[in-house]
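Colleague: I would like to learn how to read the features of a model of this kind, taking one feature at a time. Could we go through it together?

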Amino acid sequence: MRPNTVGWLMLAPTIAILGIFGIIPFIYVLYVSFHQWNPFGASPDMIYNGANNFRRLVFDTEFLTSIAFTMKFAFFAVLSEIALGYLLAQLFMKEFPGRGFFRTIHTLPLIVAPIVVGSVWRLMTTPSIGIIPYLLKSWFGYDLNIGRDATAAFALTVIMDIWHWTPLVTLTLLAALLALPKEPFEQAQIDGANRRQIFWHVTLPMIRPAILATVFIRLMDALRTVDEVWMLTSGGPGAATRFVGLHIWKIVFPKTDYGYGAAISVIVLYLTLVMCWLLYVALVARRERKRTF
Amino acid sequence: MQSRNPLLYLALWLLLSLLTLFPIYWLFVISVKPAVDLFTTPSVILDTVYWKNYVNVIGNETLRGYMINSLIISTSNAFLVTGLAFLACYALSRFDLAGKENIFFWTITNRMAPAAVFLLPFYLLFTQVFTFGDWKLYDTKIGMILLYCTFNLPFAIWTLRPTIDGIPKELDEAATVDGASTWQVISEVIFPLARPGLAVTLILTWVFAWNEFLLAATLTSFNARTITTGLSEYVTTTGTEWGAMAAIAMITLIPALIIFAVVQRHIVAGLTFGAVKE
C-alpha cells in the first residue's frame, strides 16, 4: 500500500517540536540540578556537586510548606468542585425552561483567562474598593482583609478556584449522566429502592469512571495553579498562599540560584508524575476489575 | 422525579447564574468608574459610565503593542498547532506506523507537567543555549509561538484524533482508486469533512494561547510581551490604578467572550469531549 515514509513525514514536525521543547528542557534541568550554579553569585561557573541540592531541599521549610499548601489547596478545591459539580449536573438533568441558556452561562468562567480571574477576585475582595468585604462588614460585622488574614486568603483562593472550574466538572459529569442507560434506574425503582440507595448502588458505580477521570484532570490542574493566585494574593499574606509554582517563580528566580531551582523543579515534576501515575493506575485498575466480573 | 415544580429549578438557576456572572459584572463596574469614585461606598448599581479608562489603555502605546503581540502569537500558534495536529492525526489514523500508540501517548504527556517546573530550563535554554551569535530565542514572538506548542499541540492532537478516526477509510481508498494523490486525499476528502472539528480545535487553542501568562511573563521582556503580562504589571506597581487594571482585564476577556458567544455549543462539546473518553 502507501509507503509509511509519508506518514512519518507528516508526524515529523510534531515530534520535532515536542522533542525540542519537551525532552531537551527535561534533560537540561536534570543536568543543572546536579550542579551548583549561580551566575550572579560568588562563583558564576557551573560546579558539579552531586546530590547536594537535593539534600538541601529536604530541610528547606519554605519549600516543604509550599508543597503542603499546594496539596491542601488541591484537596479542598477538587473535593468541593466534584461535590458541587455533581449536584449541578443532576440539576441540569431536570426539565425546566431555558436549560440550554443556563448551561451556556454556567460554562462562561471556563474560558476566562486565569490571570483575569485573579484580577476579578482581587477587585471584589480588596478592602475599600471590593464589594465582598463591604457586604460582609455591613451584614455580619465581619472584617475581611486578605492582605492580613492568612486563613481568609487561603479560603478565598479555594473559592476562586471553585468559581472557575466547577463548570468543567458539571459538564463532564453531565455528559456521563446523559450517557447512562435508563433500565437500571427503572429496575431499582420497581424493586423499591429509595433515592439514597439508588445513588450509592446504581448511579455512583456507573459514573465512577467519569468521576475519576474528572478528578484526575482537575487535580493535575489544581496542583499547578499559579496565575490566579499570583494575581489575587501574590502568595501572601506572608507565605499563606505561596503554592509550589509561585515558590519557584517568586523565590527561585530572583535569587538566580539556578542549580537549586533546577533541583526543586525536578522534585516537583517527579511528585506530579507519581501522583498522576497513581491516579491513572487507580482509574485503569478499577476498569479492569469490572471487566473480570 | 417530575413531581417538583420546574419553576423551582428555574429560580435556582437564576440565582446560580447570578453568582456566575457577578464577578465579571463587577469587573465591568470597576472598569467604568473614575478613580475618585472607587473608594466611596461600593455599589452594585451603575449610575454613570466613564469610558476614560478604556481610552487611556487603548491610547497607551506599550499596551497596544502587547495586544498586537498577543494577537500575532496566539493566531500564529493556533494555525500552526491545528495544521500540525491535523497532519499528525491523519498519519496516526491512516498509516501503520511502528509504535504509533506510544507516540500518541507521549504527545499527551507533554501537557501533564506543570508549567512552573519548566520555567527555569526554558529560561536558561532561551537565554543561553538557543542563541545564534547575538540573537536569542528569549523575548521573540517566534519563540513564544513554538513554545505554546508544548501545551496546545497535545491538546489539538487529543481532540482531533477521534474526528479523523471517525472519517471512514473507504473514502480515502475510493479516492486513491480514482487516482488521487495522498495530498489530494487530505485536501479534498479529509479536510472538508474534518472542518467542524478543526474549527473547534483552532478556536480553543487560540483561547489557550491568548490566556497564557506564566511562560510569557518569564520568557519575554518587551518585544514579545503579551497582554496578560501587561495586566499583571498593574498589580506589581502596588495596584494604584484599579480602573486601568480592570479595563485591561476586560479587554483581555473580550475576544474570548465573542468567540464564546459565537461557537459556545461546539466549545461545550469540545470540552466534554476532551474529558470524557468513554
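This is a predicted model: local features need pLDDT of at least 70, side-chain atom pairs count only at pLDDT 80 or more; totals for chains, interfaces and linings use all residues.

Colleague: What percentage of the residues in chain B is buried?

Modeller: A residue is buried if 20 or more other C-beta atoms lie within 10 Å of its own, exposed if 12 or fewer, and partly exposed in between, with C-beta atoms placed from the backbone. Of the 278 residues in chain B, 43% are buried. Contacts are a separate matter: two residues are in contact if their C-beta atoms, placed from the backbone, lie within 7 Å. Among the contacts in chain B with a separation of 6 or more, 75% are between residues 24 or more positions apart.

Colleague: Into which domains is chain B divided?

Modeller: Domain bounds come from an automatic or database domain assignment. Chain B is divided into domain 1 (1–50) and domain 2 (53–275), and the C-alpha centres of these two domains of chain B lie 32 Å apart. Their contact takes 8 residues from domain 1 of chain B and 7 residues from domain 2 of chain B. On the domain 1 side, helix 1 and helix 2 (35–38) of chain B each supply at least two residues, and the largest share, 4 residues, comes from helix 1 of chain B. Chain A, for its part, is divided into domain 1 (1–26) and domain 2 (33–292), with 33 Å between the centres of the two, taken over C-alpha atoms.

Colleague: How should I read two packed helices, and at what angle do helix 4 and helix 7 of chain B cross?

Modeller: Two packed helices are described by the angle between their axes and the distance between the axes. Axes are lines fitted to C-alpha atoms, for helices over the stretch in contact, and angles run from 0 to 180 degrees between N-to-C directions. Angles under 35 degrees count as roughly parallel, over 145 as roughly antiparallel, 65 to 115 as roughly perpendicular and the rest as oblique. In chain B, the axes of helix 4 (residues 61–94) and helix 7 (residues 141–166) come within 6 Å and cross at roughly 40°, which makes helix 4 of chain B oblique to helix 7 of chain B. The residues of this contact divide into 20 nonpolar, 6 polar and 3 charged, where Ala, Val, Leu, Ile, Met, Phe, Trp, Tyr, Cys and Pro count as nonpolar, Asp, Glu, Lys and Arg as charged, and the others, Gly among them, as polar.

Colleague: What is the angle between helix 3 and helix 7 of chain A?

Modeller: Helix 3 of chain A and helix 7 (residues 150–178) of chain A pack at about 45°, with their axes 7 Å apart, and are therefore oblique to each other. The residues of this contact divide into 17 nonpolar, 5 polar and 2 charged. In helix 3 (residues 61–93) of chain A we find A:L87, which counts as partly exposed because 13 C-beta neighbours lie inside 10 Å. The C-alpha atoms of A:L87 and A:T170 are separated by 8.1 Å, although these residues are 83 residues apart along the chain.

Colleague: How many residues does each chain give to the contact between chain A and chain B?

Modeller: The contact takes 71 residues from chain B and 78 residues from chain A. By class, the chain B side has 56 nonpolar, 12 polar and 3 charged residues. Across this contact, helix 1 of chain A and helix 6 of chain B pack at about 95°, with their axes 9 Å apart, which makes helix 1 of chain A roughly perpendicular to helix 6 of chain B. The residues of that helix pair divide into 11 nonpolar, no polar and no charged.

Colleague: Which residues of chain B is A:I17 in contact with?

Modeller: Leaving aside its neighbours within four places in sequence, A:I17 is in contact with B:L146, B:C149 and B:L153. A:I17 is found in helix 1 (residues 4–32) of chain A, and it counts as partly exposed, with 19 C-beta neighbours inside 10 Å.

Key
Residues are numbered from 1 along each chain as its sequence is written. Chains are lettered from A and ligands numbered from 1 in the order in which they are written.
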